[in-house]
Amino acid sequence: MGDSAQGMTDSEERNGKGRAQVLSGEPLTEGGAAVAEATEVSLPPQGDGPAVQPGRPPSGVRVSDLEIVKHYFDAACDRIGVPDDVRAVLRSSYRETVVQIPVRFPDGKINVFRGYRVQHNGARGPYKGGLRYHPDVDLDEIRALAMLMTWKTAIVGIPYGGAKGGVNCAGDKLESDQLQAITRSLMDKIDKVLGPNRDIMAPDVGTNAQVMAWLMDEYGKLHGHTPAIVTGKPIGLEGSYGRESATGRGLVYLYREAAPKLGLSPSTTTAVVQGFGNVGSWAARILQQLGVTIIGVSNADGAIRSDAGIDVVKLQESIEQGGKLTDFGGVETIPPDDLVAIPCDVLLPAALGGMIHEGNADRVACKLILQGANSPTTPAADGILRDKGVYVIPDVMANAGGVIVSYFEWVQNMQHFRWEEREINDKLGNIMRRAFREVDTAARQKDLCLRDAAYEVGIERVIDTARTRGYI
Ligand code: NAD
């Protein structure tokens, strides 16, 4: 494909689900006199998880990420005949760490946050997965995202297991000092279960390169300089060229794979992007550089539309300078709920899970959904989209670009050697294309959709490795 998805590089150039309490965390005291004692946290059981009947999509508008991931896991296990005992191992996490993070805010009060690190499965290598700061973060969400990482790393064939972390704080609303205090406190409490050969964190919703730098620094105080303890670091702190844009770029590589199947060419393709953060803004900018016209964009502030095209490079500059998405000139502001209904070729969800659901999937009017976000569609929505003939490239492979370049960053850190960005983008393209072709072949051979085929490929690879090691 001539790698035109390479186009724009990092060097040329980063929430509102439900809850009312913006900063989250629970103020512990009045006047901040009392300090909480560290408490042992009892974990909710993980064995059965939400009551989802295998083969029956969980329904309702609000479906949790865990219901979504377990639904697809169970359905794949049924199809490939995974024995119950093996399924029980893979359905639950290996280790779940939950810690209390009390942080004193400038008003003198201590706010108590909850920090999580879930290590789902390490058969294929060290645990790997992002760290999410969002008020809605809870143990079940982190369990779901950790499990998704296990299949994702297996599907794209990189030597990692699956993990995820989070803190129930609003990463995009807190002051830098508060974020730093939460981040360092989290590392102090979970460092024992991390390590460059044990578990490596990376950015996700509400976290960024700066948060990774604080994590690396705090780990270094405890264990000596260890850049490979986190990925997604700033370039000046042994981060990797191409990491910031990697997830968005990976999505564009897959757009290039799917476009000919759907009769799309970039110069006539229109796209709508839900969520204009790291993933969405990079995917939008690289698509625009290919010639795609971006006609709708949303973020937590609202949604905008212009059938003539939104200049997403200028939009990104405006947001970086402190502008609101909805104040961007020359576009129409629309109700956020209407974004998914804009007629377009490509819909790229890149915000939070479950945003395309039973209640709005029939309004979707695109040919291709490129899933940047994790679990952006519920199983019921997937059924509706399938009936409408929408081609879906699922999260579990579509957004793997981030973890692939995180892998490259980790390799560079272990070798204390830096690769050029073009080399990284080429290698990323090769892995994304190979994964797409393997999953597409499996889908055609078994007459499955890409998501079902991808889950089967991932689960079979993990079981194979776990058996070879003698774990199961
Ligand atoms: P981010 O915090 O940089 O961006 C999230 C964006 O979503 C922000 O623009 C935010 O305003 C927007 N948003 C929040 N609530 C919204 C709503 N109700 N409607 C519309 N937009 C809303 O996060 P990110 O790193 O870009 O991650 C986005 C998604 O991609 C998440 O699901 C994440 O798990 C997934 N993902 C990220 C990476 C990565 O490398 N960063 C890798 C794989 C998957």
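**Entry 1**

I looked up tyrosine 116 first: its bridge partner in strand 5 is glycine 166. The model is predicted, so I kept the limits in view: local features need pLDDT of at least 70, side-chain atom pairs count only at pLDDT 80 or more, and totals for chains, interfaces and linings use all residues. Numbering runs from 1 along each chain as its sequence is written, and side-chain values use heavy atoms, with hydrogens and water left out.

Helices (H or I, at least four residues) and strands (E, at least two) are DSSP runs, numbered from the N terminus. Two strands pair if DSSP finds at least two bridges between them. Strand 3 (residues 110-121) and strand 5 (residues 162-167) run antiparallel, joined by six bridges. Strand 2 (residues 95-104) also pairs with strand 3 in the antiparallel sense, over ten bridges. In that pairing I found isoleucine 101 opposite phenylalanine 113 of strand 3. The hairpin of strand 2 and strand 3 has five residues between the strands, and its glycine 108 takes a positive phi near 90 degrees.

How enclosed is strand 3 by the rest of the structure? Largely, because eleven of its twelve residues are buried. Buried means under 20% relative accessible area, exposed over 50%, and partly exposed in between (1.4 Å probe, protein chains only).

**Entry 1: isoleucine 182**

Next I checked isoleucine 182, in helix 4 (residues 176-190). Its relative accessibility is 0%, so it counts as buried. What does it touch, leaving out residues up to four places away in sequence? I list Ile101, Val103, Phe113, Tyr133, Val167, Cys169 and Leu174. Contact here means heavy atoms within 4.5 Å. Isoleucine 101 is 81 residues away in sequence from isoleucine 182, yet their C-alpha atoms are 6.6 Å apart.

Helix 3 (residues 139-155) has 17 residues. From first C-alpha to last it reaches 25 Å, close to the expected 24 Å. The expected span is 1.5 Å times one less than the number of residues. Just after helix 3, glycine 157 has a positive phi of about 70 degrees.

Beyond four places in sequence, threonine 150 touches His120, Asn121, Gly161, Gly162 and Val462.

Helix 13 (residues 450-469) has 20 residues. It reaches 29 Å from its first C-alpha to its last, close to the 28 Å expected. Glycine 470 follows helix 13, with a positive phi near 90 degrees.

**Entry 2: strand 11**

Is strand 11 (residues 346-349) covered or uncovered on its faces? Both faces are covered. Val346 and Leu348 are buried on one side, Leu347 and Pro349 on the other. In a regular strand the side chains alternate between the two faces of the sheet.

Strand 7 (residues 270-274) pairs with strand 11 in the parallel sense over four bridges. There I found glutamine 274 partnered with proline 349. Strand 12 (residues 368-370) is also parallel to strand 11, over two bridges. Valine 346 stands opposite leucine 368 of strand 12.

**Entry 3: the ligand**

I counted 24 residues around the ligand, taking a residue as near if one of its heavy atoms lies within 4 Å. Arg132, Asp204, Thr247, Val279 and Asn374 come nearest.

I then checked polar contacts, pairs of N or O atoms within 3.5 Å; within protein, one atom must be able to donate a hydrogen and the other to accept it, and residues adjacent in sequence count only if both atoms are side-chain atoms. A side-chain N or O atom of asparagine 374 is 2.9 Å from a ligand oxygen. For alanine 351, a backbone N or O atom lies 2.9 Å from an oxygen of the ligand. A polar backbone atom of phenylalanine 276 is 3.3 Å from a ligand oxygen.

**Entry 4: confidence**

pLDDT is the predictor's confidence in each residue, from 0 to 100. Its mean over the protein chain is 90, and 87% of the residues reach 70 or more. I noted that residues 10-41 fall below 50, with 90 contacts in the model beyond near neighbours in sequence. Residues 48-60 also stay under 50, and have 24 contacts beyond four places in sequence.
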